Amino acid sequence: MEYDEKSRYIELNMGPQHPSTHGVLRLRLTLDGETVKKVEPIIGYLHRNAEKICELDFYCDALIYFDRMDYVGAMNMEVGYLEAAEKLLNIEPPERVKWIRVIMAELNRIASHLVWAGAFGLDLGMLTPFFYVFEEREKILNLFTEICGSRQETNYMSIGGVYQDFNDKIIFRIREFLDEFPKKLEEVYNLFIKNDIFISRTKDIGILEPEIALSYGVTGPMLRASGIPYDVRKDEPYLVYDRVNFTVPISKKKDVLARFIVRFEEMRQSVKIVKQALDKLPDGPFFNPKAKKSLMIRLRGEGDVYARTESTKGEFGVYMVGDGSVKPYRVHVRSPAFKNLSVLPYLSKDVLIADMVAISGSIDLVFGEVDR
Amino acid sequence: MTYEIKEETGKDGRKVFRIGRDHLLELMKDLKDQGYDHLTLISSVDFRDRIELIYHLEKSSDNFSIIVVKTETKDTHIPSVTPLWESANWDEREQYDMMGVIFDGHPDLKRILLPEGWNGYPLRKDYDMSKVQFVNMDEEGNDYVSFDPGDGW
């Protein structure tokens, strides 16, 4: 049967209010039957211009806008901002603070990957794992509530320190969680990996060659699943990551399933890191006296710095310029999910719509961060 | 090499190349040939009389070590590096959207985060934040930006 060119392709609008677009992603699809011919992501529905708001506030106040970028991995965002701000303001956090930050960032990495796994399952039509992962995540958020007073947007860290010190009870409860968690993690992992439908929906789908990934600026678990062992925690260690023992999981399979396996292996490594950090946690002050509360708004910085950290999505970079006043002159955020999303049109050429949903799910999109 | 680069060290200890706008593409091509295959980010700073562009490049064969290239423009025009790195595509669209830098040679230069038709560039220092803009719909369903909340279809 012959089609004329005009009626052959259908334009379909997916999102911004669609269950499998992880927030407010809108995709303009050009379809030939069930096959995707072209994808155009349209973003910006959650845009708040945090970069401009940062310019209007003191150095210490800008932190809360970073919490609201990647709201499922808020601790990693805070670490990213403070790495840049502390370099610019020449303030060194005490030793104990560095270890506390590592513990919080890694716990949050586990929570973020768990949410991703649950949402990814939902994308593929698996409802069961969602409840398992959210139960585990709730335990981490309960720990956060006890430590910082809030669940997600914690605003726990501050320039040169943290808001509250760890006590023995907290350390005991984190250890208790870490003892039980690996068993539950394997349970969730098996729910996915022993499911034939899950394997056939993810295996050999969305293959991303390493050269293409580098050219598009892809980082994080997505790049590691393509076989390139790039992890800022190893390549340019910040905080105390050079003093803990862990491996960077990579996979040579390059497909959606590889990204899933890499993320789960990362969670196991995070458990290892937190255990070591709890053992090595030194005594000492939990803030730098140069940045105590009454002095915080008088901090001045000059020059420009770029600090990169490994957030849950990839390389999270903050470029910061100070002009010697109490407010930053310019803050620019390198959002990993933004860069990872830009490869979606390439990956979903000539695939089925259902596979495109699996691919966009494997990117780990959080729209607070893509749109900033 | 037919161009001049000023070499300096940044506050964070990274190597910085400062170059004029005319020779930017030649330098970028040379750097890509040297193995800098990962363009991490393009950022821009508005210094009122000029706009400075900052490129961070990473070398995958050398533990992703960073090199910084800085250039500046007075009339907001700059050559695009999208032919060299695909990741520059969205980065340059973002800088055009936020700072109003026009990248010559970019395949599809349009706004990315803000709707088409937005007035002004928010990250410029002279952007007027007191004027509220409203996004409505026009008759064809596209975004329609105006200063009047009741305007539009």
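pLDDT is the predictor's confidence in each residue, from 0 to 100. Helices (H or I, at least four residues) and strands (E, at least two) are DSSP runs, numbered from the N terminus.

**Entry 1: ground rules.** I am working with a predicted model, in which local features need pLDDT of at least 70, side-chain atom pairs count only at pLDDT 80 or more, and totals for chains, interfaces and linings use all residues. Residues are numbered from 1 along each chain as its sequence is written, while chains are lettered from A and ligands numbered from 1 in the order in which they are written.

**Entry 2: confidence in chain A.** I looked up the mean pLDDT of chain A and found 87. In this chain, 98% of the residues reach 70 or more. Which element of chain A has the lowest mean pLDDT? I found helix H1 (residues 5-8) there, with 72. The highest mean among the elements of chain A, 91, belongs to helix H12 (residues 256-280).

Entry 3: A residue is buried if 20 or more other C-beta atoms lie within 10 Å of its own, exposed if 12 or fewer, and partly exposed in between, with C-beta atoms placed from the backbone. This core has 135 residues, and A:Ala85 and A:Met320 have the most contacts inside it. Helix H5 (residues 95-123) of chain A gives the most to this core, with 14 residues. Leaving out residues up to four places away in sequence, I noted that A:Ala85 touches A:Tyr59, A:Ile159 and A:Met320. Here two residues are in contact if their C-beta atoms, placed from the backbone, lie within 7 Å.

**Entry 4: chain B.** I noted two helices and nine strands in chain B. Along the sequence they run β-β-α-β-β-β-β-α-β-β-β. The C-alpha atoms of chain B fill a box of roughly 55 × 30 × 30 Å along the principal axes. Chain B has 153 residues, of which 31% count as buried. Of its contacts with a separation of 6 or more, 41% are between residues 24 or more positions apart.

**Entry 5: positive phi.** Where is A:Asn155 placed? I found A:Asn155 in the loop between helix H6 (128-148) and strand E4 (157-158) of chain A. Its phi is near 50°, a positive value in a residue other than glycine. A:Asn155 is partly exposed, with 16 other C-beta atoms within 10 Å.

B:Thr76 is not a glycine either, and has a positive phi of about 65°. I found B:Thr76 in the loop between strand E5 (65-73) and strand E6 (77-79) of chain B. B:Thr76 counts as partly exposed because 16 other C-beta atoms lie within 10 Å.

Technical notes. A nonpolar core is a set of buried Ala, Val, Leu, Ile, Met, Phe, Trp, Tyr and Cys residues joined through C-beta atoms within 7 Å.
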